[in-house]
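Let's take a walk along one stretch of a protein chain, looking at its backbone and its strand pairing. Please have the viewer ready.

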Amino acid sequence: MQELQSMEDFKNLKENGTHIFLFSADWCPDCRFLDPFMPEIEKEYSDYTFVHVDRDKFLDLCADLDVYGIPSFVAFRDGKEIGRFVSKDRKTKEEVEKFIESLA
């Protein structure tokens, strides 16, 4: 999974193509719960580019997007938000897949 490096990268990625941003942190156990199955999800949903956003490095971005709980997913297509799965709850593989399948 690609790692977000800067706000400029976020703006460029958000505006061009279809991206799912995963907001998480190293210290978050519910975020680490995703680690075993995310590579499989990335392969299965290759129409999307997945980008990891370290919440601790991008607090302002989290506030701008109203992402206050992690792990959370926010999807964009060519500058437009097409969906979000934002909460502080642990997410199962099935829940993540259902979210991705619901994207317009």
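**Around strand E4**

In E5, Gly 83 is the bridge partner of Ala 75. Before going further, a word on the model: it is predicted, so local features need pLDDT of at least 70, side-chain atom pairs count only at pLDDT 80 or more, and totals for chains, interfaces and linings use all residues. Residues are numbered from 1 along each chain as its sequence is written, and side-chain values use heavy atoms, with hydrogens and water left out.

Two strands pair if DSSP finds at least two bridges between them. E4 and E5 are antiparallel and share six bridges. They form a hairpin with two residues between them, and Asp 78 in the turn has a positive phi of about 50°. E4 also runs antiparallel to strand E2 (residues 18–24), again with six bridges; here Thr 18 stands opposite Arg 77.

How covered is E4? Five of its six residues are buried, meaning under 20% relative accessible area, with exposed being over 50% and partly exposed in between (1.4 Å probe, protein chains only).

Now step back to the loop between helix H4 (59–64) and strand E4 (72–77), where Pro 71 sits. A cis peptide bond, with omega about 0°, links Ile 70 to Pro 71. Asp 66 is in the loop between H4 and E4 too. Although Asp 66 is not a glycine, its phi is positive, about 60°. Asp 66 counts as partly exposed because its relative accessibility is 47%.

Methods:
Helices (H or I, at least four residues) and strands (E, at least two) are DSSP runs, numbered from the N terminus.
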